[in-house]
Amino acid sequence: MARYHIETYGCTSNRGESREIEKRLRDAGHHKVDGPKAADVSILNTCTVVEKTERNMLRRAEELSEETADLFVTGCMALAQGEQFQEADVDAQVLHWDEVPEAVTNGECPTTTPDADPILDGVIGILPIARGCMSNCSYCITKQATGRVDSPPVEENVEKARALVHAGAKEIRITGQDTGVYGWDTGERKLPELLDRICTEIEGDFRVRVGMANPGGVHGIREELAGVFAEHDEIYNFLHAPVQSGSDDVLEEMRRQHRVEQYLDIVETFDEYLDEWTLSTDFIVGFPTEDPEDHEMSMALLRETRPEKINITRFSKRPGTDAADMKGLGGQVKKDRSSAMTDAKMEVVGEAYESMVGTERDVLVTEHGTGDSVKCYDAAYRQIIVQNASQHDLEPGDFATVEVTGHSTVYAFADPV
């Protein structure tokens, strides 16, 4: 769990994005502190309205990079003029705002409180199905807070999902430290059963998104899980399986419970069962034992499997973890490897969204966006923005058919059909 400091500059939209970042960080067990010196990570949400503001943002970024271990820069200047931070030699990761929460986790599992209850946020229902995990990753501090997986009965989670739908949820987000190991503590693999029962036993028009599932847990149930995805239209064809490295040597040092071949088995299985689906994964760059060849293996794996959502994190030490005692790589090495992987990511993701232009998609409207726009997701959980939403009478919770008209690399634009 990280201690974070966040600063926001600019308009109401930026402040709204910062609130969303903080909400997700709190949901993942991170804690806000007063000032960057007490923080593990700092977040700078930038404005770029005039040249003077740009200079102020660069100066503040330089100050924060010296006061805290890791700096994430987001907001308007980050998106429009992100290269200026690199040109100014600011040691920071420049990200879209909705990439920040996952980057802060440093590849760790999300954390929920012991008494985590379902939450209804607009039309999105968040359902924690279990607490804890079965992993012992050398870099992760989360396991110290959560312990081994503790899985409530399937029936209990089905009833919680039913209550969310009856309360108005149109999208149920299945969450946990590692959803793929749900039921392992009872000797059974229960995630496929849970998903099947939610889809068959609950009346209503809704969608289900499965949260992070480590490859080590998914591998043994990959065919059954992919089959449930294929059987039920309610489930988004989306799998978040964080591989973390393309090198088996690094995965061993990380104490991950999978190897690259198992990750590839999962991708191949979902390719067989699903005509169109989204692979989401995570990479940690700059792990202490990652040499240049290991990094190139990760780059090659990214290009081979072509995930459409990729979280890239520069390794940073967490107190009390075994990896904290390893001799780390230099900051410039991590920065260079992160930049190279980010370039490859943008190429892969951009091509995926470019291929959508001109196609029609059935989508669920999940929330309001900036101005008069709404955020939607198609069957493969690709984000689609519809502008001038009020003219089309689109509100969160609506289902619609849209035609994709363009994209902005990490999300698409569309008009209702």
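A: A residue is buried under 20% relative accessible area, exposed over 50%, and partly exposed in between. The model is predicted. D205 has a relative accessible area of 42%, which lies in between, so D205 is partly exposed.

Q: What makes the pair of R207 and D205 a salt bridge?
A: The cut-off is a Lys or Arg side-chain nitrogen within 4 Å of an Asp or Glu carboxyl oxygen. The closest N and O atoms of R207 and D205 are 3.4 Å apart, so the pair meets the definition. R207 is partly exposed, at 21% relative accessibility.

Q: Why are E63 and R60 said to be separated by about one helical turn?
A: Both belong to helix α2, which covers residues 51-67, and they are 3 residues apart, which means about one helical turn.

Q: Are E63 and R60 buried or partly exposed?
A: E63 has 32% relative accessibility, between the two cut-offs, so E63 counts as partly exposed. R60 has a relative accessible area of 18%, which is under 20%, so R60 is buried.

Q: How do you know that K335 and D89 form a salt bridge?
A: Their closest N and O atoms are 3.5 Å apart, and the cut-off is within 4 Å, so the pair qualifies. The pair links distant parts of the chain, 246 residues apart. K335 is in helix α14 (residues 331-354), while D89 is in the loop between α4 (83-87) and β5.

Q: Why is K335 called buried and D89 called exposed?
A: K335 has a relative accessible area of 7%, under the 20% limit, so K335 is buried. D89 has 57%, which is over 50%, so D89 is exposed.

Q: How many disulfides does a search of the whole structure find?
A: It finds 0 disulfides. To count, a pair of cysteine sulfur atoms must lie within 2.5 Å. Among the cysteines, C76 is partly exposed at 33% relative accessibility, and C140 is buried at 5%.

Q: What makes a set of residues a nonpolar core?
A: The members are buried residues of nonpolar kinds, joined through side-chain atoms within 4.5 Å. The largest such core has 79 residues, and Y139, L195, I198, F270 and I384 touch the most other members. Another core lies apart from it, with 13 residues, among them V41, F72, L95 and W97. In soluble globular proteins, nonpolar side chains tend to be buried together.

Q: Which residues is I384 in contact with, leaving aside its neighbours within four places in sequence?
A: The contacts of I384 include M356, R361, V363, V374, V402, V404 and F413.

Q: Why are β2 and β5 called edge strands?
A: The open sheet of 5 strands has the order β2-β1-β3-β4-β5, with parallel pairing. β2 (31-32) and β5 (93-94) each pair on one side only.

Q: How do you know that β4 and β5 pair?
A: Pairing needs at least two bridges, and 2 bridges join β4 (residues 70-75) to β5, so the two strands pair.

Q: What is noted about the phi of R255 and of D393?
A: R255 is not a glycine, yet has a positive phi of about 60°. R255 lies in the loop between α11 (248-254) and α12 (260-273). D393, also a residue other than glycine, has a positive phi near 55°, and is in the loop between β15 (383-387) and β16 (399-407). The relative accessible area of D393 is 64%, over 50%, so D393 is exposed.

Q: How do you know that the radius of gyration agrees with a compact globule?
A: For 417 residues a compact globule would have a value near 22 Å, and the protein has 21 Å, which agrees. Buried residues make up 57% of the 417 residues.

Key:
Residues are numbered from 1 along each chain as its sequence is written. This is a predicted model: local features need pLDDT of at least 70, side-chain atom pairs count only at pLDDT 80 or more; totals for chains, interfaces and linings use all residues. Side-chain values use heavy atoms; hydrogens and water are left out. Buried means under 20% relative accessible area, exposed over 50%, partly exposed in between (1.4 Å probe, protein chains only). Contact means heavy atoms within 4.5 Å. Helices (H or I, at least four residues) and strands (E, at least two) are DSSP runs, numbered from the N terminus. The radius of gyration is taken over C-alpha atoms; the globule rule is 2.2 Å times the number of residues to the power 0.38.
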